[in-house]
Amino acid sequence: MALTLAAASAHPPHSSRMVSEPVLPRIHAILQKESVREFLAEFLSTYVMMVFGLGSVAHMVLDEKHGSYLGVNIGFGFGVTMGAHVAGNISGAHMNAAVTFASCALGRMSWRKYPVYVLGQFLGSFTAAATIYGLFYRAILHFSGGELAVTGPQATAGIFATYLPEHMTLWWGFLNEVVLTGMLQLCILAITDKENNPALPGTQALVIGILVTIIGASLGMNTGYAINPSRDLPPRFFTFIAGWGTEVFRAGENWWAPRESQGPENSAVSEDHGLTALPKTSSHFPVMSTNTPSVQPIATLSDSMPLESF
């Protein structure tokens, strides 16, 4: 009887080993698939870029002593460089849905890969926003007094997404982003064009990081040079989920959501209170001069209805 029990007790471990042994080869086989590798490469590279970038914005917004406008440009620029080293030889480390779209449009990659790349980028960006929120949670609450605000002197939503400053309108912002994204794509094509004057082998990641830094330092004031749907939209969704509310889609000049039309009886109210002053935030950072806090509020009108932009 004792021998029978001993044999029975020994059988389950052997059985579980038999069941578990094929699992690792299956996982290995899945990871060897090109589409899976490219998805994970875009996820990880975008995550790395966004953690460094959003972290630099958090420093500038939450504590001027530890952050600056230049620091944000460097954080995102070299975040791109690090992301390119993470995934450059696997997926090309696009980290940008606009770059992926251009690659497909120019015939450099199949359109079938587009959703795989963009999904990886969006999930990586969203996860990075969650990471920064976790790391800076106590600092955010301390700075804002426990209130998660999109506008005003304690606004913190600009750590994660971009908002138009007072001097910009929706269509000027749209034009600004078109031009800057075109500049980014043009320079990337030049940096990687082997038949022209490309960057030296092994230096492309560094040069592209410097390019992003230059765009931010020279052209980032108007919209914060988001130039990347994968950089702005997923963190914006995160702030919506994390407690900033639907205002993250409405604040600004209708950046994201159209304003409801007002009836004639409300037209006077609309004239007096229809615009909300926004903190000068940017696509990579709150838009600000180098000697003013990133969340410096523009004087708001009472009971204003913020509108937002992409």
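Student: Where does Met95 sit in this model?
Tutor: Met95 lies in the loop between helix 4 (69-87) and helix 5 (97-105). Helices here are DSSP runs of H or I with at least four residues, strands are runs of E with at least two, and numbering starts at the N terminus. The model is predicted: local features need pLDDT of at least 70, side-chain atom pairs count only at pLDDT 80 or more, and totals for chains, interfaces and linings use all residues. Residues are numbered from 1 along each chain as its sequence is written, and side-chain values use heavy atoms, leaving out hydrogens and water.

Student: How do you know that Met95 is buried?
Tutor: Its relative accessible area is 3%. Buried means under 20%, exposed over 50%, partly exposed in between (1.4 Å probe, protein chains only). At 3%, Met95 therefore counts as buried. Met95 also has a positive phi of about 55 degrees, although it is not a glycine.

Student: What is the phi of Ile227, and is this residue buried or exposed?
Tutor: Ile227 has a positive phi of about 40 degrees and is not a glycine either. Its relative accessibility is 4%, so it counts as buried. Ile227 is in the loop between helix 9 (204-219) and helix 10 (229-244).

Student: How many helices and strands does the chain have?
Tutor: The protein chain has 12 helices and zero strands. Of its 310 residues, 43% count as buried.

Student: What span does helix 6 reach, and what is expected?
Tutor: Helix 6 (residues 114-135) has 22 residues and reaches 32 Å from first C-alpha to last, close to the 32 Å expected. The expected span is 1.5 Å times one less than the number of residues. Its buried residues include Gly120, Gly124, Ala128 and Ile132. Cover for the buried residues of helix 6 includes helix 3 (34-62), helix 5, helix 7 (137-144) and helix 10.

Student: Why is the set around Ile132 called a nonpolar core?
Tutor: Such a core is a set of buried Ala, Val, Leu, Ile, Met, Phe, Trp, Tyr and Cys residues joined through side-chain atoms within 4.5 Å. The largest one has 46 residues, and Ile132 is among those that touch the most other members. Helix 3 gives the most to this core, with 10 residues. Ile132 touches, among others, Val51, Leu54, Ile159 and Phe160; contact means heavy atoms within 4.5 Å.

Student: What makes Lys113 and Glu34 a salt bridge?
Tutor: A salt bridge needs a side-chain nitrogen of Lys or Arg within 4 Å of a carboxyl oxygen of Asp or Glu. Lys113 and Glu34 meet at 3.3 Å, N to O, so the pair qualifies. Lys113 lies in the loop between helix 5 and helix 6 and Glu34 in helix 3, so the pair ties together parts 79 residues apart in sequence.

Student: Which residues form a network with Lys113?
Tutor: Glu34, Glu38 and Lys113 are linked in a network of salt bridges. Glu38 meets Lys113 at 3.0 Å, N to O. Glu38 counts as buried at 4%, whereas Lys113 is partly exposed at 25%.

Student: How do you know that Asp232 and Arg236 pair too?
Tutor: Their closest N and O atoms are 2.7 Å apart, so this is a salt bridge. The two are four residues apart in helix 10, hence separated by about one helical turn. Asp232 is buried at 0%, and Arg236 is buried at 0%. The whole structure holds three salt bridges.

Notes:
Lists of a residue's contacts leave out its neighbours within four places in sequence.
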